[in-house]
Amino acid sequence: MAAKGREKLGTETPLSAEPFVPASTNLADLAAAAAACEGCPLFARATQTVFGEGPSSARIVLLGEQPGDAEDLDGRPFVGPAGSLLDRALAAAGLERAGVYVTNAVKHFSWEPRGKRRIHKKPRQSEIKACRPWLDAEVHALRPSVLVCLGATAVQAVLGSGVTIAAARGRAFDTPRGRVLVARHPSAVLRMRTPEERRRAFDELVEDLTLAARLAKRE
Ligand code: SF4
């Protein structure tokens, strides 16, 4: 009875994007609906929803963690420094950014204030889970040959916890969302301490994207 009463007061709303996801496989419809999503608390402090971007014919989906400060303001995924690095890695792998679909596991910017700055805050497990219906809808609409998880949060959203990037790189996982590869997030490459470490991590990202290109071509 008490639980029912709380539900009536609206204090027990489950965290999920599900009620906001339309039954459509049109990416523009999905993006328009996602703009109004209130499936978890992250929408309240972000500027806007940052939905995925790319052609409906894309055979490769790149999945990051969440929009950063620049993406939150711009409304597009991977436009900041990490986006520039991703573009360079794609080019080195023989892929064009315009030919792939790029999105994030969580569609609103999760941040905390530090002085006047907004500092990236890792999304909670409950927020990653709440946002998953959008990823499922994107994958259902695109039916890609390969989904590349960039970074630990994307890996967690698709393969669950317990899978590390170091151990899973270079392997293809067959999942209900199709074939999945794992790679480092471009931001992690930028955060490497020395130029040598950055160079090595960049080369590994190129290797992983090259593998994705090869698998996509085979289908
Ligand atoms: S992060 Fe995802 S589930 Fe949460 S409000 Fe944004 S779009 Fe909805």
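Predicted model: local features only at pLDDT ≥ 70, side-chain atom pairs only at ≥ 80, totals over all residues.
User: Thanks! How many helices and strands does the protein have?

Analyst: Helices (H or I, at least four residues) and strands (E, at least two) are DSSP runs, numbered from the N terminus. Here there are nine helices and seven strands. The radius of gyration, taken over C-alpha atoms, is compared with a globule rule of 2.2 Å times the number of residues to the power 0.38. The protein has a value of 18 Å, close to the 17 Å that the rule gives for 219 residues, so it is as compact as a globular protein of that length. Along the principal axes, the C-alpha atoms fill a box of roughly 60 × 45 × 30 Å.

User: How do I read burial, and what share of the residues is buried?

Analyst: Count the other C-beta atoms, placed from the backbone, within 10 Å of a residue's own: 20 or more is buried, 12 or fewer is exposed, and anything in between is partly exposed. In this protein, 39% of the 219 residues are buried. Ser 84, in helix α4, is partly exposed because 13 other C-beta atoms lie within 10 Å.

User: Where does Gly 64 sit, and which residues is it in contact with?

Analyst: Gly 64 belongs to strand β1 (residues 60-64). Two residues are in contact if their C-beta atoms, placed from the backbone, lie within 7 Å. Leaving aside neighbours within four places in sequence, Gly 64 has contacts that include Phe 78, Asn 104, Leu 150 and His 185. Across the whole protein, residues 24 or more positions apart account for 71% of the contacts with a separation of 6 or more.

User: Which strands pair with β5?

Analyst: Two strands pair if DSSP finds at least two bridges between them. β1 and β5 pair in the parallel sense over four bridges, and Leu 63 has Cys 149 as its bridge partner in β5. β5 also pairs in the parallel sense with strand β7 (residues 178-183), over five bridges. There, Val 146 has Arg 179 as its bridge partner. Strand β5 (residues 146-150) is mostly covered, with five of its five residues buried. Both faces are covered: Val 146, Val 148 and Leu 150 lie on one side, with Leu 147 and Cys 149 on the other.

User: Which strands run antiparallel?

Analyst: Strands β3 (residues 111-114) and β4 (residues 117-120) do, joined by four bridges. Trp 111 has His 120 as its bridge partner in β4. The hairpin has two residues between the strands, and Gly 115 takes a positive phi near 65° there.

User: Which residues have a positive phi although they are not glycines?

Analyst: Most residues other than glycine have a negative phi, and most peptide bonds are trans. Among the exceptions here are Phe 78, at about 50°, and Arg 143, at about 45°. Phe 78 lies in the loop between α3 (69-74) and α4 (81-92) and is buried, with 26 other C-beta atoms within 10 Å. Arg 143 lies in the loop between α5 and β5 and counts as exposed, with 12 C-beta neighbours inside 10 Å.

User: Which residues of helix α2 are buried?

Analyst: An α-helix has 3.6 residues a turn, so residues three or four places apart point the same way. In helix α2 (residues 27-34), the buried residues are Leu 27, Leu 30 and Ala 34. They cover an arc of only 60° around the axis (taken from the directions from the helix axis to the C-beta atoms), which puts them on the same side of α2. These buried residues pack against α5.

User: Last one: which residues come nearest the ligand?

Analyst: A residue is near a molecule if its C-beta atom, placed from the backbone, lies within 6 Å of it. Of the 16 residues around the ligand, Cys 37, Gly 39, Cys 40, His 108 and Cys 131 come nearest. Helix α5 (residues 125-142) gives the largest share of this shell, four residues.

Note on methods. Residues numbered from 1 in each chain as written.
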